There are 2 protein chains.
Amino acid sequence: METRRKSKQVLVGNVPIGGDSPITIQSMTNTDPHSREHTLAQINELAQVGCELIRLAVPDQEAANNLKTFVAASPVPLVADIHFDYQLALIALEAGVAKLRINPGNIGGKDKVKILAREAKARRIPIRIGVNAGSLEKELLEREGPTAAAMVESALRHVRLLEDEDFTEIVISLKASNVPLTIEAYRVLATQVPYPLHIGITEAGTWFTGTIRSSVGVGILLASGIGDTLRISLTGDPVREVRVGREILQSLGLRQFGASVISCPTCGRCRIDLAKLAEAVEQLVLPISLPLKIAVMGCAVNGPGEAREADLGVAGGQGEGLIFRKGLVVRKVPEAEILTALQEELQKLTHI
Amino acid sequence: METRRKSKQVLVGNVPIGGDSPITIQSMTNTDPHSREHTLAQINELAQVGCELIRLAVPDQEAANNLKTFVAASPVPLVADIHFDYQLALIALEAGVAKLRINPGNIGGKDKVKILAREAKARRIPIRIGVNAGSLEKELLEREGPTAAAMVESALRHVRLLEDEDFTEIVISLKASNVPLTIEAYRVLATQVPYPLHIGITEAGTWFTGTIRSSVGVGILLASGIGDTLRISLTGDPVREVRVGREILQSLGLRQFGASVISCPTCGRCRIDLAKLAEAVEQLVLPISLPLKIAVMGCAVNGPGEAREADLGVAGGQGEGLIFRKGLVVRKVPEAEILTALQEELQKLTHI
């Protein structure tokens, strides 16, 4: 793990991005932005599972007009995602969003960007320059193709436009659906600007492939010290994006959101229904905010070893389980009672 | 992406590990090894989804006696996983397994390892030294705790025992459930031995957490050039382990197993049921072995751009989809006909 890249800190509402602040987790609503009811419900749901910044697409005037309501009701800062029409960004600023995301490939030229910089600066609202390999400026794309160099150049052009207006509350992202391309682009950019970086793999795919591509790409970037805030892009319910983001950060020891369950893959040695038990234990520990480590192990090979290193553990035997707490065997119970026993021991550890 | 570490090539049956051979995917059966029927069924199922080496736990004499049948029937080389009792390894060698996996922490001392080295050498069967943080040698664990240094020392001791017998058909793994610890251990070992490395995160957890931790850990190792063969450990059906392993390798461009589907996370701009469509397209392309790129995109922001870069793509509009093939818009169809249209275009691309 390389040391985290030093970056300028930018404040999005009350949430800092960059510097030595925690690496934050973002997501984006995918409800119809014209429906206040559905969109507010999703904002609340995302905030509840730990989403720290929520982005909304603002495709038209009607959606923009809803932003004031969303800002007033949201428990976390909101980010307006603007493409094509810079005037929607002006309405979003007026509505009180905490950050703008604009796409250099389609926001429509220097003058528009400069107007946005001035208006955002007056309100101390940061701007994310969100480059996407799928929507680069036409002439860049024709000259370079969708390369890392083209993505970096697209970002740097807009950085200069903003800096010309003395605007430095900047966050940058450089997303592609191709993992090595994304990593290369961020690595090049990371040495050229002081601004915090928003990372992610875009259009990563369905739950299955998207989770893997995102974990690989974001994991590699984080391990090389790059990334101040992240958004996992998955086709489907964005709640899953937040859960995946948390697990990635927790797996690298970069954030701690609660208890971790480790469980063995089971093999021909396992004599209890471990998969079912592990899934149940994972549900059991969801509300726990203490950084406990729970080991659900199938047999005597690594079971007692892992269970001893954990705060709480079970090592399966022939139709039974040995329960370990803080390194000591505390109970031996039949398989049917393992979950209840773990629950009781958890209560002793958490006093809830 | 760093250049792949140079390693000695070891042959497991007809499957090479290390050198410039492809990074292979392994898994492990979790059926009762006493049941020939269930275990053979799982071996065949794993081979069918692309598992290139299959490991079996050999907990006792009865399981060891089944190995001959498994070896004769398996479409891919089999690896015997031995703990505690080195005599089971001798039976496995006799039965014709293609590799042994022994655990230095529990196989029982120098003499046993030396006997195994001689017997394996006589049959030209490689040995994997499979260190696991959960089952280190007792005195190492007491002196060092489960650290990267202790894991590397455990492996190197056994490497020396094997080398003393002029045995060099060695593969090494150093697994822990903690991702940064695993990465550190492999990075230290990688510079100290010429042998190929088998990588993975052990006891990674359920499908959800295990997939993420494995993708993060294995992804980071591969990006730093480490890893000649891999096994993803997930609590549950091992078929999923193979699928995750393939997706990790494919996401980094290290192997190509068939078509890739990219799809956008959808947002307030999306006007079609993209999640359902993306899942259906993912199923549709499963049998395709050509390295096609299929883009399933919700709207006009990145949709046409990504769809144009892909071999085949759809960009959603208001209840309809624009179908792109090799950069050209070929059709515009109502939402209900998108899947059929993609299927027809796929047939033209694949001639099946």
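Contact here means heavy atoms within 4.5 Å. The structure is a predicted model, in which local features need pLDDT of at least 70, side-chain atom pairs count only at pLDDT 80 or more, and totals for chains, interfaces and linings use all residues. Residues are numbered from 1 along each chain as its sequence is written, chains are lettered from A in the order in which they are written, and side-chain values use heavy atoms, with hydrogens and water left out.

By that contact criterion, A:Lys114 touches A:Leu161, A:Asp164 and A:Glu165, leaving aside neighbours within four places in sequence. A:Lys114 belongs to helix 4 (residues 110-122) of chain A. Helices (H or I, at least four residues) and strands (E, at least two) are DSSP runs, numbered from the N terminus. The relative accessible area of A:Lys114 is 18%, so the residue is buried. Buried means under 20% relative accessible area, exposed over 50%, and partly exposed in between (1.4 Å probe, protein chains only).

Chain A as a whole holds 12 helices and 15 strands. Its C-alpha trace spans about 70 × 40 × 30 Å along the principal axes. Of the 352 residues in chain A, 63% are buried. Among contacts in chain A with a separation of 6 or more, 61% join residues 24 or more positions apart. Chain A exposes about 12,800 Å², and carbon and sulfur atoms supply 50% of that area. Accessible areas come from the Shrake-Rupley method with a 1.4 Å probe.

Within chain A, helix 6 (residues 148-164) packs on helix 7 (residues 179-190). The axes lie 8 Å apart, at an angle of about 45 degrees. Axes are lines fitted to C-alpha atoms, for helices over the stretch in contact, and angles run from 0 to 180 degrees between N-to-C directions. Helix 6 and helix 7 of chain A are therefore oblique to each other. Angles under 35 degrees count as roughly parallel, over 145 as roughly antiparallel, 65 to 115 as roughly perpendicular and the rest as oblique. Helix 6 of chain A contributes A:Ala148, A:Met151, A:Val152 and A:Leu156 to the contact. Helix 7 of chain A contributes A:Leu181, A:Glu184, A:Ala185, A:Val188 and A:Leu189. By class, these residues are eight nonpolar, no polar and one charged. Ala, Val, Leu, Ile, Met, Phe, Trp, Tyr, Cys and Pro count as nonpolar, Asp, Glu, Lys and Arg as charged, and the others, Gly among them, as polar.

Helix 8 (residues 207-223) of chain A and helix 9 (residues 238-251) of chain B have axes that come within 9 Å and cross at roughly 50 degrees. That angle makes helix 8 of chain A oblique to helix 9 of chain B. On the chain A side, the contact involves A:Phe208, A:Thr209, A:Ile212, A:Arg213 and A:Val216. Their partners in chain B are B:Arg240, B:Arg243, B:Val244, B:Glu247, B:Ile248 and B:Ser251.

A:Met297 lies in strand 12 (residues 293-297) of chain A and is buried, at 1% relative accessibility. Beyond residues up to four places away in sequence, its contacts include A:Cys264, A:Leu274, A:Glu306 and B:Glu203. A:Glu309 sits in helix 11 (residues 303-309) of chain A. A:Glu309 is partly exposed, with a relative accessible area of 44%. Leaving aside neighbours within four places in sequence, A:Glu309 is in contact with A:Lys293 and B:Pro146.
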